[in-house]
Amino acid sequence: DARINVVVSSGNVSDIAMHFLEMHNMIVVRLPSKFDIRRLCKSTGAIAGVRLGAPAPEEIGTCDTVRVEEIGGTRCVIFDKQDQSSRVATIVVRGATHNMMDDVERAIDDAVNVYKSLCRDPQLVPGAGATEIEIARRIKEFGMQQSGLDQYSIQKYAESFEAVPKTLAENAGMNPTNILSALYTAHKQGNAAAGVDVEEHTVGDMGGTINDSLNTKYWAIKFATDAANNVLRVDQIIMAKPAG
């Protein structure tokens, strides 16, 4: 009466239950993972039932087709729903080696997280080390205006931002010292978007070419600074002796 033709269960299905399900031409799919059950419910609009009995109309999910396909030698049950209201999508990654698939998976995960971050805060800042050099330049100028020993700690904090453009230059086979010098020169001349151009092996204007999320950059700097402050607050480290 409820027009249900697919039943998804996280546990074992008894023989008598299978008998009646087959009598009514109903498909039974077993998903032992609670995580997969939640994703399937989110995709189809269903609500996981915890009681025996007929489900309510609002607890029943829908999809276009349920079929079994063989992907890469593995038989997979596919719940296909082309409706735009579905909140879940599955990306199948195939490759010749596990390392290649791991790299593709990381790239997809990074792309999805960047899209989510931009949906929350669409503000962007110049990338390729341009933002870090501009921050380091301004902190150094602030440090030079301070008196006493504070200026040394401020200068060292500014130097820590040079790690990003320095690493970019080293990975691209460039001289990091010359690149840092050219970056500081460009930024002092007013080009705040000057960054490391790894293709031309020089310093170029990264505005509109390579950008970073402002939200991601803000929290990365905040967490790194907090971690450094926590380490500096440690007065003494006491090593525990092995038992016995």
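Which residues do ring pairs link into a cluster?

Modeller: Tyr 218, Trp 219 and Phe 223 are the residues that ring pairs join into a cluster. The model is predicted, so local features need pLDDT of at least 70 and side-chain atom pairs count only at pLDDT 80 or more, while totals for chains, interfaces and linings use all residues. Residues are numbered from 1 along each chain as its sequence is written, and side-chain values use heavy atoms, with hydrogens and water left out.

The rings first. Rings of Phe, Tyr and Trp (its six-membered ring) pair if their centres lie within 6.5 Å; planes under 30 degrees apart are stacked, over 60 edge-to-face, the rest tilted. The count by this rule is three aromatic pairs. One of them joins Tyr 157 to Phe 161 edge-to-face, with 5.2 Å centre to centre and 85° between the planes. Phe 161 is buried at 9% relative accessibility, whereas Tyr 157 is partly exposed at 32% (buried is under 20% relative accessible area, exposed over 50%, partly exposed in between, for a 1.4 Å probe and protein chains only). Tyr 218 and Trp 219 also pair edge-to-face, at 5.1 Å centre to centre and 80° between the planes. Tyr 218 counts as partly exposed because its relative accessibility is 48%, and Trp 219, with 36%, is partly exposed too.

The side chain of Lys 217 meets that of Asp 212 in a salt bridge, 2.9 Å from N to O (a side-chain nitrogen of Lys or Arg within 4 Å of a carboxyl oxygen of Asp or Glu). Lys 217 is buried, with a relative accessible area of 16%; Asp 212 is partly exposed, with 25%. Ser 213, Asn 215 and Thr 216 are touched by Ser 117, leaving aside residues up to four places away in sequence (contact means heavy atoms within 4.5 Å). Ser 117 belongs to helix α3, residues 98–120, and counts as buried because its relative accessibility is 8%.

Arg 106 is bridged to Asp 103, and the closest N and O atoms are 2.3 Å apart. The two are separated by about one helical turn because they lie three residues apart in α3. Arg 106 is partly exposed, with a relative accessible area of 48%, and Asp 103, at 43%, is partly exposed as well.

Arg 137 is buried, with a relative accessible area of 14%, whereas Glu 141 is partly exposed, with 41%. Both Arg 137 and Glu 141 take part in a network of salt bridges that also links Glu 134 and Arg 138. The structure as a whole holds nine salt bridges.

Along with Ala 130, Ile 133, Glu 134, Ala 136 and Lys 140, Arg 137 is on the α4 side of a contact with α7.

Terms used:
Helices (H or I, at least four residues) and strands (E, at least two) are DSSP runs, numbered from the N terminus.
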